[in-house]
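Here are a few friendly notes to read alongside the model.

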Amino acid sequence: MKNFIYEIGLIMVAIIWGSGFAGTQLALDGGFTPVQIITSRFLIGAILLNIIFRNRIKEKINTRI
């Protein structure tokens, strides 16, 4: 059963990865520059990682001076 879950995960990653190419092409055709596309991708990634790992980040930061 675990192998089946891993295969589903790999398929999902491949779909997301492949749709990224199509999304990039649509954005380029829509008038966005490559710098705008890269900036938006990194901004979205940073926001998602911040949401996912917010509690771990709070634990690591020492607010005492």
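**Notes on the surface, the pocket and the helices**

1. A nonpolar surface patch is formed by Leu43, Ile44, Ile47, Leu48, Leu49, Ile51, Ile52, Phe53, Ile57 and Ile61, which together have about 960 Å² of accessible area. Patch members have over 30% relative accessible area and no salt bridge, nonpolar side chains being joined within 5 Å. Areas are Shrake-Rupley values with a 1.4 Å probe. H2 gives the most to this patch, seven residues, and isoleucine 51 sits in that helix.

2. Please keep in mind that this is a predicted model, where local features need pLDDT of at least 70, side-chain atom pairs count only at pLDDT 80 or more, and totals for chains, interfaces and linings use all residues. Numbering starts from 1 along each chain as its sequence is written, and side-chain values use heavy atoms, without hydrogens and water.

3. The largest pocket holds about 300 Å³ of space. Helix H1 (2-29) and helix H2 (34-52) are the elements that give two or more residues to its lining, and H1 has the largest share with seven. The lining residues divide into five nonpolar, five polar and one charged.

4. H1 has 28 residues and should span 40 Å at 1.5 Å a residue; its end C-alpha atoms lie 41 Å apart, which agrees. After H1 comes glycine 31, with a positive phi near 105°.

Conventions. 1 Å grid on protein atoms, 1.4 Å probe; cavity = no way out; pocket = protein on both sides within 12 Å on 5 of 7 lines; lining within 4 Å. Points joined across faces, edges and corners; volume = space filled by probe spheres on them. Helix = DSSP H or I, 4+ residues; strand = E, 2+ residues; numbered from the N terminus. Nonpolar A, V, L, I, M, F, W, Y, C, P; charged D, E, K, R; others polar. Expected span 1.5 Å × (residues − 1). Patch = residues over 30% accessible without salt bridge, like charges linked within 9 Å, V, L, I, M, F, W, Y side chains within 5 Å. Salt bridge = Lys/Arg side-chain N within 4 Å of Asp/Glu carboxyl O.
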